[in-house]
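Keep the sequence at hand as you read.

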Amino acid sequence: MAPKSRSYQISATPVTIFAHLLAIAITTLVLIWLLHFRHGLALNSFIKEKILNVHTLLMVIGFILIGGEAIMAYKTVPGKRNTQKMVHLILHFLALVAIILGIYAAFKFNHESGIPNLLTLHSWLGIITISLFGLQWLFAFFAYVFPGAESSARGNLVPWHTFVGMVIFLLAVCTAEAGLLERFLFLSIGRTQETLIINFTGLLIFLFAASVSLTVLLPRLY
């Protein structure tokens with residue numbers, strides 16, 4: 001029997017390129033928003049909004065974008081599977097560091113501004129997402145890196161690891177969208193250039209999440 005044709009299959013490569021371009025656009029918009037419209041970044045400042053800006057920057061670029069790049073590593077990084085796995089692990093570790101610093105900035109802002117912690121849906125989703133992300137990273141490290149489970153067990157865990165990882169990533173995207181909406185309502189800025197930047201940032205984050213999700217489904221054709 002002749003082998004089945006693979007001509008109908010779509011490669012993940014163009015989708016990953018599109019996701020990279022979206023990541024650049026999102027980074028640019030967030031930096032313009034925070035540096036030009038929202039006074040800049042600082043962990044210690046009399047302008048408390050600068051502290052909140054650090055949280056926003058780290059969660060969008062560190063959590064969403066670097067986390068998304070980590071998911072796509074198996075389709076974007078050339079070389080052997082072990083190389084891709086290590087890049088995947090390192091990028092997620094960098095995302096975890098960004099998350100920890102971002103959470104610190106959020107709690108610091110609330111404390112210095114006299115705002116109660118864990119008051120909004122955004123904060124609840126954030127804590128749930130971050131807790132799941134940390135547990136997922138630790139579980140993956142012990143299962144796949146050190147000491148490492150048996151080969152058959154690792155193979156059985158891969159689909160679940162992928163599924164849970166995507167759920168966490170999409171939950172992080174939902175949290176980020178809720179955060180943008182919360183920030184917009186808090187600022188009460190009306191119909192301005194800043195409003196357009198916030199809205200376009202939210203839309204591009206959604207497109208980035210859709211692109212990352214699609215790369216998981218598509219094969220990497222050589």
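## Ground rules

In what follows, a residue is called buried when its relative accessible area is under 20%, exposed when that value is over 50%, and partly exposed in between. One caution before we start: this is a predicted model.

Let's begin with Thr175, which sits in helix α5, residues 151–187. Is Thr175 buried or exposed? Its relative accessible area is 8%, so Thr175 is buried. Setting aside residues up to four places away in sequence, Thr175 touches His122, Leu125, Gly126 and Thr129. With Thr129 there is also a polar contact, side chain to side chain, at 3.4 Å.

Ala172 belongs to helix α5 too. With a relative accessible area of 4%, Ala172 is buried. Its contacts, leaving out neighbours within four places in sequence, are Phe63, Ile64 and Thr129. Ala209 lies 37 residues from Ala172 along the chain, and their C-alpha atoms are separated by 9.7 Å.

## Arg38 and its partners

How many salt bridges turn up in a search of the whole structure? There are five. Arg38 and Glu49 make one of these, with their side chains meeting at 2.8 Å, N to O. This pair links distant parts of the chain: Arg38 is in the loop between α1 (13–37) and α2 (49–76), while Glu49 is in helix α2, eleven residues apart. Glu49 counts as buried, since its relative accessibility is 16%.

Arg38 also meets the side chain of Glu194 in a salt bridge, at 2.7 Å, N to O. Here the two residues are 156 apart in the chain, with Glu194 in helix α6 (residues 193–217) and Arg38 in the loop between α1 and α2. Arg38 is buried, because its relative accessible area is 12%, and Glu194 counts as buried at 5% relative accessibility. Step back and you get a network of salt bridges linking Arg38, Glu49, Arg183 and Glu194.

## Helix α3, end to end

Now for helix α3, which covers residues 81–113. Its 33 residues reach 47 Å from the first C-alpha to the last, close to the 48 Å expected at 1.5 Å a residue. Following α3 comes Gly114, whose phi is positive, near 70°.

Lys108 is buried, with a relative accessible area of 12%, whereas Glu112 counts as partly exposed at 32%.

## A nonpolar patch

Which residues make the nonpolar surface patch of about 500 Å²? They are Met86, Ile90, Phe93, Leu94, Val97 and Leu101. Leu101 is found in helix α3. Its relative accessibility is 44%, so Leu101 counts as partly exposed.

Terms used: Residues numbered from 1 in each chain as written. Predicted model: local features only at pLDDT ≥ 70, side-chain atom pairs only at ≥ 80, totals over all residues. Heavy atoms only, no water. Helix = DSSP H or I, 4+ residues; strand = E, 2+ residues; numbered from the N terminus. Buried < 20%, exposed > 50% of the residue type's maximum accessible area, 1.4 Å probe, protein only. Polar contact = N/O pair within 3.5 Å; in protein donor to acceptor, adjacent residues only side chain to side chain. Contact = heavy atoms within 4.5 Å. Expected span 1.5 Å × (residues − 1). Patch = residues over 30% accessible without salt bridge, like charges linked within 9 Å, V, L, I, M, F, W, Y side chains within 5 Å. Areas by Shrake-Rupley, 256 points an atom, 1.4 Å probe, with all protein chains shown as cover. Salt bridge = Lys/Arg side-chain N within 4 Å of Asp/Glu carboxyl O.
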